[in-house]
Amino acid sequence: MQHLVSSIDKQEDLPSQREIADKLGISRSAVQHALRHLQDEGVVSVKQRSGIEVNKKIDINMLGMQSMTAELGNQNVKIKHLSTSSVQVTKQLQNFFGSKTSQLLKIERIHCNRDKPLSYEITYFNKAEFPALEKVDFTNLSLYQILCDEYNAVPTYGKEDITCILADDRLAKALQVKDGEPLYQIESFNYQADDRPLECTRQYLIGKQFKYYFTANNIFDYQED
């Protein structure tokens, strides 16, 4: 069943349950059991009258320097601004922002598609360098666009750590998923062209809705600065 789903073009629907049973030589009840399992994993959606649909994942370029809003590239995606607060810098973040940094701005946002959360992110900035951000309502606004317009600050390069975790109670509530749902956790440390640290972001993405990829002409010639 998994092989059949993976062989279907994402622009197509799966055959009916009867056709799948005939094709695989199994009973309808076995097909229904397999579909429920795939539905729980978010691989397919089973809808009355419209059939069985293979769920599309959102592709994210691992080497891209675009904002999440640009990566999603969907007019239905909205941004909810949860909060902005002033916090003391932790030792880990001081290693990135520098020893002279004492206060950070902590901005929490959620990207939604048709009111369903896609990602939850927490971004930190040096408060002394970007004080006006504290008063910005980021609802449906691109953070990177505001940085460019207001401060002429553009992320040029950076480092990302991508890991897989299971949603705890706090993340499950924020992303409206079950406890234990697989998530991507992405920690980004981005710099400006003059090597000054710009922002540190921790994102949580619902695993079954995203796919990370990168392309390279010659992976053996890749060199890190």
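Trainee: Is Asn-152 buried or exposed?

Mentor: Relative accessible area decides that: buried is under 20%, exposed is over 50%, and partly exposed is in between (1.4 Å probe, protein chains only). Asn-152 reaches 64%, so it counts as exposed. Before we go on, residues are numbered from 1 along each chain as its sequence is written. This is a predicted model, in which local features need pLDDT of at least 70 and side-chain atom pairs count only at pLDDT 80 or more, while totals for chains, interfaces and linings use all residues; side-chain values use heavy atoms, with hydrogens and water left out.

Trainee: Where in the fold is Asn-152 found?

Mentor: Helices (H or I, at least four residues) and strands (E, at least two) are DSSP runs, numbered from the N terminus. Asn-152 sits in the loop that links helix H6 (143-151) to strand E7 (157-166). Its backbone deserves a look too: phi is positive, about 55°, although Asn-152 is not a glycine.

Trainee: Which loop holds Asp-195, and what is its phi?

Mentor: Asp-195 belongs to the loop between strand E8 (182-191) and E9. This residue is not a glycine either, yet it has a positive phi of about 75°. With 49% relative accessibility, Asp-195 is classed as partly exposed.

Trainee: Let's follow the chain into E9. What does Thr-201 touch there?

Mentor: Contact means heavy atoms within 4.5 Å. Thr-201 is part of strand E9 (residues 197-206), and its relative accessibility of 7% makes it buried. Leaving out residues up to four places away in sequence, Thr-201 touches Glu-121, Ile-122, Thr-123, Ile-186, Glu-187 and Ser-188.

Trainee: And which side chain makes a polar contact with that of Thr-201?

Mentor: First the rule: a polar contact is a pair of N or O atoms within 3.5 Å; within protein, one must be able to donate a hydrogen and the other to accept it, and residues adjacent in sequence count only if both atoms are side-chain atoms. For Thr-201, the partner is the side chain of Glu-199, at 2.5 Å.

Trainee: Ser-188 was in that list. What surrounds Ser-188?

Mentor: Ser-188 lies in strand E8 and is buried, at 5% relative accessible area. Apart from residues up to four places away in sequence, Ser-188 is in touch with Lys-159, Glu-160, Glu-199, Cys-200 and Thr-201.

Trainee: How many disulfides does the structure have?

Mentor: A disulfide is a pair of cysteine sulfur atoms within 2.5 Å, and a search of the whole structure finds 0. Cys-148 is partly exposed, with 32% relative accessibility, and Cys-164 is exposed at 64%.

Trainee: Now to helix packing. How do H2 and H3 pack?

Mentor: Two packed helices are described by the angle between their axes and the distance between the axes. Here helix H2 (residues 17-24) meets helix H3 (residues 28-40) at about 110°, and the axes lie 9 Å apart. That makes H2 roughly perpendicular to H3. Axes are lines fitted to C-alpha atoms, for helices over the stretch in contact, with angles from 0 to 180 degrees between N-to-C directions. Under 35 degrees counts as roughly parallel, over 145 as roughly antiparallel, 65 to 115 as roughly perpendicular, and the rest as oblique.

Trainee: Which residues of H2 and H3 meet?

Mentor: Gln-17, Arg-18, Ile-20 and Ala-21 come from H2, and Arg-28, Val-31, Gln-32 and Leu-35 from H3. This contact is made of 4 nonpolar, 2 polar and 2 charged residues (Ala, Val, Leu, Ile, Met, Phe, Trp, Tyr, Cys and Pro count as nonpolar, Asp, Glu, Lys and Arg as charged, and the others, Gly among them, as polar).

Trainee: What does Leu-4 touch?

Mentor: Leu-4, in helix H1 (residues 2-7), is buried at 8% relative accessible area. Beyond residues up to four places away in sequence, Leu-4 touches Leu-14, Ile-20 and Lys-23. Leu-4 and Lys-23 are 19 residues apart along the chain, with 9.8 Å between their C-alpha atoms.

Trainee: To finish, how many helices and strands does the protein chain have?

Mentor: There are 7 helices and 10 strands. Of the 225 residues in the protein chain, 36% are buried. Among contacts with a separation of 6 or more, 58% join residues 24 or more positions apart.
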